[in-house]
Amino acid sequence: MSTQNYLLEAHHISKSYTSAVIALKDVRFQLQGGEIHALLGENGAGKSTLIKVLTGVEERDTGLITLEGKEIYPKTPQEGQKIGISSVYQEVNLCPNLSVAENIYIGREPRKKGRIDWKTIYVNARILLEKFDLDIDVTKDLDQYSVAIQQMIAIARACDIRAKVLILDEPTSSLSTNEVNKLFEIMRRLKKDGMGIIFVTHFIDQVYEITDRITVLRNGEYVGTYETANLPKVELVGKMIGKDYAQLNRTMVSYEEEYNSGDTFLELKEVSGLGTIKNLDLSIRQGEVLGLSGLLGSGRSEIARIIFGIDSLEKGTIEIKGKKIFLKNTLAAIKNGIAFCPENRKTEGIVGDLSIRDNIILALQAKQGLFKSISKREASRIADEYIEKLEIKTPSKDQKIKNLSGGNQQKVILARWLATDPNLLMLDEPTRGIDIGTKAEILKIVIDLAKQGMGVIFISSEIDEMLRCCGRMVILRDMRKVMELKGREISQAAIMHHIAGGDKDE
Amino acid sequence: MKSRIKAKGEISFSNVSLLITIILFLSLFIGGSLRYDRFFSLSTFFNLFNDNAYLIIAAVGTTFVLLTGGIDISIASTIAFTCVLSASLLRGGVPAVVVIPIVLSIGLGLGLGMGSIIHYFKLQPFIVTLAGQFLMRGLCAVISTESIPISNEFYKAAALNKILIGRAKIYYYVFITFIVIGGAYYILKYTKFGRSVYALGGNEQSAVLMGLPVARTKIAVYGINSFCAALAGVIFSFYTLAGYSLQNIGLELDAISSAVIGGTLLTGGVGTVIGTTIGVLIQGIIQTIVTYENLNTWWTKVTIAALLCIFIIIQRIISIKAEKKKGK
């Protein structure tokens, strides 16, 4: 197409937090005035970091950002706002102790004779919220309203700032359909006025409803920018999770009947979590690997959190070996033979300054209780056993775990849970940030464990991996189970078809 | 289709707190009046201000810090230092017009310094202001461990000049307190800075993301507090006409407890200077009643302890209720 004058341009943006964590690598992004531009990608793709760099929350390491052709370098959100970039964040970022009206106008209060003109603030706030069909008492404190209303107020604030660029980071996750429609109406109006809007969401349907173009990021890298109308949903999902459409039809069957013969170990019946999954039926047998697939926010990690007793049930029951059971905390789950390697290895998994040995025995010690201590000799024996079994590459079991590579850290976490001899092992993104060789080893360990009779729940955004080890797959979308695939039904094309929205797909 | 969405709590937390404080003050005043003959008078009311003028100023300053969710335990030492330094300079022949600006600037500087350390090094305000407390108390003793009397004419005039309304008297220096209360009220309600103070205490992360000047605000509240402490020190030296290094030990806690009784939340974001002022007056009136009862003055502390306990529990119950409502 023709050369275009972009409203906001970012080129060669890189940002790393430590030398090991590179959040953005040479990313570019171009936003036109009067367009709604979706920024998409899976967890860890770099969306949030890009937004933080654009708004001045974080400083970029390298690269160039221009607004209307002039280079900008916002260092604080304050500067970002001043030059015309306004944003709404995923979590409500307002002050609960201030009134609704003040939350909209704080920092840019209308003044009369040098003092804040409260009357005008209240009147203006009422008029503004009317546009959103929100009829509320603007003089009341913000925290007297629901999160959805708070989110609408945050959006109203950002829209009213008369910015050139409006960034909406997952603004719709707490809104009802009606409220979403209202928001879209306003976004269209702002677009008509020439504002450029960046829209981050994990609801694919919303992307197709409202956006003009899409930019996809993956693993901190730029994948591409596309016209929304010309990009089928399945292809979009493929770009987000890193598979070409051509590869989709090639099915991979790794399913072996024999995995699937054990008794049911755990069963969820019509389980709903507070604000998470809805009405879920799920069962897991001994000796099978069950894959949970879906985009970020689809409910895949939330299921594991509920089973492990981290999040509480709103309704429904959990049964273990046919007996109804109440998991009030994680220790109860551990004692019932459940193990969970969480998604975030660094913050929820390893204890960096402890040795490998101490990291391995942590869960076992918790299971046994604090007073039945594990002797040093016993601990060393267990550590040696798993270092050998899982081929953990380390000079010694006394090495601090933070000095190991990501893959070996993951193996230590795995060893920690295997030491408790669980019946059910849940792995959330066990291979993220791990080199291909170690990845294959971990997958092999998972399959071997299942063969020995352990039930495994495997959560990953890499469908490839799931195809290789899962005998059964549950597909989730918007906190609901949308499909269950078994054996030969499992194929990349089928999975992506259901992730993208099933038969509604055009 | 459009229907008004009701707020969940009918009355806001800060209003309830302030209301309870006012009712408590009035009932103490009425109770005292019923029990003692000469209690009910303008004189009793004015004396609350005459005797607590400095504490009100200190507590108003502390309210700024508490509103941001911070804490400052250095102010009693700052007051003592101000008194000792003033007395020592005045004894050396330095005129009052020079002494007062000097001690006020030292207070302001100390506060801005502590605020900067707290903000830029991300340190706990408790520990930084504890260092400030030791520093100022230590410097008092360096200047003099003896009590230094003040015989300066200006100070004497300030200590003794008063207005008579009927038989009730009100000292000139109390008007400084009124100006501080009024000024603080205006700043907190009608200026960008004041509203940033509340926002900061409500949610610091949000305040940053809404583009408010967080650094400036945070440093300024400690500056204001120490400035108020120095000003309270000046008034305290009018009141006592002496400077002594062991004066007012523990006064920072009186200031904090007044603010809490007045409805300020230690977690920040909620509170008013009017509430704090009434909080000080409540402590004053309890003191008065204890005197009338001819009890050991330490009974004041015992009563305050009970009151504080009741107040924080009531505050907690209100906020738990509010949270529960929100959950539904």
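Predicted model: local features only at pLDDT ≥ 70, side-chain atom pairs only at ≥ 80, totals over all residues.

Residues are numbered from 1 along each chain as its sequence is written, while chains are lettered from A and ligands numbered from 1 in the order in which they are written.

First up, Ile224(B), which sits in helix α10, residues 214–240 of chain B; helices here are DSSP runs of H or I with at least four residues, strands are runs of E with at least two, and both are numbered from the N terminus. Is Ile224(B) buried or exposed? Buried, because it has 25 C-beta neighbours inside 10 Å; the cut-offs are 20 or more other C-beta atoms within 10 Å for buried, 12 or fewer for exposed, and partly exposed in between, with C-beta atoms placed from the backbone. Leaving out residues up to four places away in sequence, Ile224(B) touches Gly61(B), Phe64(B) and Gly111(B), where contact means backbone-placed C-beta atoms within 7 Å.

Most residues other than glycine have a negative phi. Glu270(A), though, has a positive phi near 45°, and it's in strand β13, residues 264–273 of chain A.

Over in chain B, Asn294(B) is in the loop between α12 (273–292) and α13 (298–327). Its phi is positive too, about 60°, and with 6 C-beta neighbours inside 10 Å, Asn294(B) counts as exposed.

Notes:
Contact = placed C-beta atoms within 7 Å.
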